[in-house]
Amino acid sequence: MINLSDVSKTFTLHNQGSAVIKVISNVSFAVVPGECVALTGASGAGKSTLMRMIYGNYLTQAGQIRIGGLNIVQAEPRDVIKLRRDVLGYVSQFLRVVPRVPTRDVVAEPLRALGIPEIDAHDRASALLKQLNIPERLWSLSPTTFSGGEQQRVNIARGFAHAYPAMLLDEPTASLDAANREVVLSLIEDAKARGAAIIGIFHDEAARAQVCDREIDVAQFTPGLAA
Amino acid sequence: MTEYNFAYLDEQTKRMIRRAILKGLAIPGYQVPFASREMPMPYGWGTGGVQVSAAVLTPKDTFKVIDQGADDTTNAVSIRTFFQRTAGVATTTATSDATVIQTRHRIPEEPLHEGQILVYQVPIPEPLRFLEPRESETRKMHSLEEYGLMHVKLYEDISRHGHIATSYAYPVKVEGRYVTDPSPIPKFDNPKLGDMAAIQLFGAGREQRIYALPPYTQVVSLDFQDHPFEASKADHPCGMCGATDSYLDELIIDDAGGRMFVCSDTDYCEARQAAGHKGKDAA
Amino acid sequence: MTPLLSVQGITKRYGAHIGCTDVSFDLYPGEVMGIVGESGSGKSTLLNCMAGHLTPDAGQVVFDTRTEGPRDTIIMSEPERRMLGRTDWAFVHQHARDGLRMGVSAGGNVGERLMAVGERHYGDIRDKATDWLGRVEIDASRVDDRPTTFSGGMQQRLQIARNLVTGPRLVFMDEPTGGLDVSVQARLLDLLRGLVRDMGLSAIIVTHDLAVVRFLADRLMVMKSGRVVEAGLTDQVLDDPQHAYSQLLVSSVLQV
């Protein structure tokens with residue numbers, strides 16, 4: 001489902017003496033449907049960078065990243081957008097929303113983008129919010145004023161609203177209490193069970209052990225850190 | 001009359017105006033620019049109409065002037081006198097006897113016949129002006145037949161008053177092409193514009209525009225399907241001649257709010273009275 | 001798939017000064033593209049060239065018309081281009097008063113495009129206008145009020161309703177949230193995003209506000225001195241800018 005071959009990335013900082021920084025080189029691995037792979041490595045090893053490259057958020061200088069047949073490295077923006085809408089989900093650590101949009105609409109939006117009627121999208125959103133213990137009285141409010149943990153859960157609900165065949169999870173259990181952590185892990189296990197290919201970053205080792213099938217140490221791809 | 005050229009204007013000016021008139025007749029409803037001259041009367045007193053009349057008058061013509069339908073108001077009298085003096089033409093108040101009729105704000109009640117010319121005084125020739133102040137833009141709208149804006153004006157009328165309240169200068173479409181301002185005639189007169197036997201010429205002196213309707217031109221008043229055009233008038237008979245088919249002026253006759261309605265077309269009213277018709281207020 | 005709009009080598013000079021030069025891109029149905037850059041970068045010139053308000057010195061603006069397929073709108077006759085301008089195209093001005101008739105009621109403003117394409121039934125026109133006021137969150141009771149009595153945000157929403165009533169397929173927007181309070185901006189952005197999604201609109205949005213493009217645009221073009229220096233997926237250009245100028249632009253935004 002997700003295939004990386006010989007992937008490399010550099011940052012060129014034009015405004016800081018045109019410094020060229022090699023951050024990732026020669027990454028190759030694959031994730032099959034129903035599999036969850038953890039990216040590991042010390043902070044700064046490039047886990048999030050690699051994940052953003054897979055999402056198409058960071059530009060990849062060399063190699064191929066194929067997701068469901070599309071090479072995201074050379075894809076047109078509209079193909080990447082279609083891929084993100086239909087195939088590839090991403091739960092980041094930060095919630096980014098338009099102010100004043102109610103929480104339930106925020107969660108339902110990925111479904112609305114797929115053309116699912118508002119009523120059905122709202123039903124699914126409500127179920128997820130309930131599952132993640134967001135009190136119903138908050139659903140009609142914008143999440144911008146919520147606490148960090150609440151925002152994180154809204155973000156997860158949004159990320160899991162549509163059953164993406166491929167998912168990227170960046171610290172999905174960070175800043176969650178035990179009960180909600182369990183809910184998130186069960187969502188991940190459900191996703192695996194329906195055949196989603198998942199790549200995740202988990203600092204929470206117990207969580208990683210529970211849901212991940214194997215680990216990939218990103219440090220080996222990081223020039224200067226490897227060896 | 002040796003002091004002035006015939007009909008006041010010099011021959012070159014009249015030729016220039018005639019060319020504009022001919023172009024106007026060739027393109028019914030199209031506003032033809034012309035080099036309007038200073039006339040010995042202020043703008044707004046019919047300088048456009050006077051120049052058109054001067055250009056079409058011949059020594060054999062019989063001239064009539066009406067202002068709001070009346071032959072005896074200041075404006076009508078002074079323009080009639082002006083051409084008596086400068087052209088020496090015969091004048092009349094009888095609609096059927098006149099060959100050239102200059103008018104402000106009315107079309108005579110009596111149907112005009114072939115060979116007659118009706119000259120309108122026009123203050124603002126551009127029907128789109130009140131909604132689109134840019135001349136460059138209104139010209140483009142005319143040339144591209146973009147007339148949606150005209151209906152916006154009527155829409156505004158209905159939304160504000162519940163019906164199309166525009167009661168004079170009611171816009172028309174000429175031969176399915178140009179949207180045209182009929183000058184401030186009451187909309188009661190609009191149906192007479194179309195299919196008329198006489199030539200209709202419109203002159204706007206300050207705005208320097210001439211336009212025309214040749215005989216038997218198709219003229220349609222704009223409207224909405226669910227708010228069709230209606231030629232309305234005061235729902236009374238004439239107090240003097242009893243006519244029920246003519247456009248009426250409302251006169252306040254005392255301090256107690258007493259009023260009467262009389263034909264605005266004085267020639268029509270007098271002719272009917274002479275023929276023995278009598279209204280309820282006739283002495 | 002045929003692009004809805006295919007822009008090829010658009011160049012516009014003002015004497016010796018370059019407005020924009022050699023800009024090319026394809027816009028596909030349903031895509032929203034942002035154009036960012038500082039004042040004088042040529043983004044508004046480009047927008048006006050595409051929308052037919054300015055005639056470019058070189059280049060093509062090929063639009064996939066409903067009836068005749070792709071046509072170069074630059075060499076199209078003016079009546080045809082103006083017809084596009086009031087049917088399949090819409091233009092949202094930065095200042096609502098440039099895009100509205102301030103002396104005409106809200107209903108008349110929205111109804112104008114309908115009347116311009118030949119609708120002649122007052123009741124129908126009014127119903128559609130009222131429906132559109134609702135869609136842009138203006139109370140139906142304001143249908144007969146003039147825009148002069150509206151707040152800035154309401155005027156901008158009215159302008160959007162007026163533009164979208166004929167169901168256009170391509171919307172040009174010039175700084176649509178400029179000059180509005182921040183709180184009003186957010187509401188407008190949300191509204192625009194919903195309309196774009198529900199109507200399947202394609203849009204080109206010129207702005208200097210990177211937050212606006214992040215929320216609305218799928219794709220981004222960064223312009224400097226009349227040239228496109230970088231283009232790509234919006235979040236990629238904003239989060240991993242490649243060109244020196246884009247990096248400067250992105251890093252210059254104050255974090256809140």
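Contact is taken here to mean heavy atoms within 4.5 Å, and on this criterion, in what is a predicted model, the contact between chain C and chain B takes 22 residues from chain C and 21 residues from chain B. Between them, these two chains bury about 1,900 Å², with 56% of that area lying on carbon and sulfur atoms.

Five salt bridges are found across the interface of chain C and chain B. One of the residues named above, C:R82, forms a salt bridge with B:E146, in which the closest N and O atoms are 2.7 Å apart. By class, the side of chain C that touches chain B is made up of seven nonpolar, six polar and nine charged residues.

Chain C is also in contact with chain A, 26 residues of chain C meeting 26 residues of chain A. The area buried between chain C and chain A is about 2,300 Å², of which 51% is given by carbon and sulfur atoms. Within chain C, the residues that lose the most area to chain A are C:R197, C:L233 and C:D240, which together account for 23% of what that side buries.

The rule finds four salt bridges across the interface of chain C and chain A, including one between C:R193 and A:E109, whose closest N and O atoms are 3.2 Å apart. Polar contact, with both residues at pLDDT 80 or more, is counted for 12 residue pairs between chain C and chain A. At least two residues of the side of chain C that touches chain A are supplied by each of α7 (182-199), α8 (210-216), β10 (227-233), α9 (234-239) and α10 (244-251) of chain C. The largest share of that side, seven residues, comes from α7(C). Classified by residue type, the side of chain C that touches chain A has eight nonpolar, five polar and 13 charged residues.

Technical notes: Residues are numbered from 1 along each chain as its sequence is written. Chains are lettered from A and ligands numbered from 1 in the order in which they are written. This is a predicted model: local features need pLDDT of at least 70, side-chain atom pairs count only at pLDDT 80 or more; totals for chains, interfaces and linings use all residues. Side-chain values use heavy atoms; hydrogens and water are left out. Buried area is the accessible area (1.4 Å probe) that two parts lose on being put together, summed over both. A salt bridge is a side-chain nitrogen of Lys or Arg within 4 Å of a carboxyl oxygen of Asp or Glu. Ala, Val, Leu, Ile, Met, Phe, Trp, Tyr, Cys and Pro count as nonpolar, Asp, Glu, Lys and Arg as charged, and the others, Gly among them, as polar. A polar contact is a pair of N or O atoms within 3.5 Å; within protein, one must be able to donate a hydrogen and the other to accept it, and residues adjacent in sequence count only if both atoms are side-chain atoms. Helices (H or I, at least four residues) and strands (E, at least two) are DSSP runs, numbered from the N terminus.
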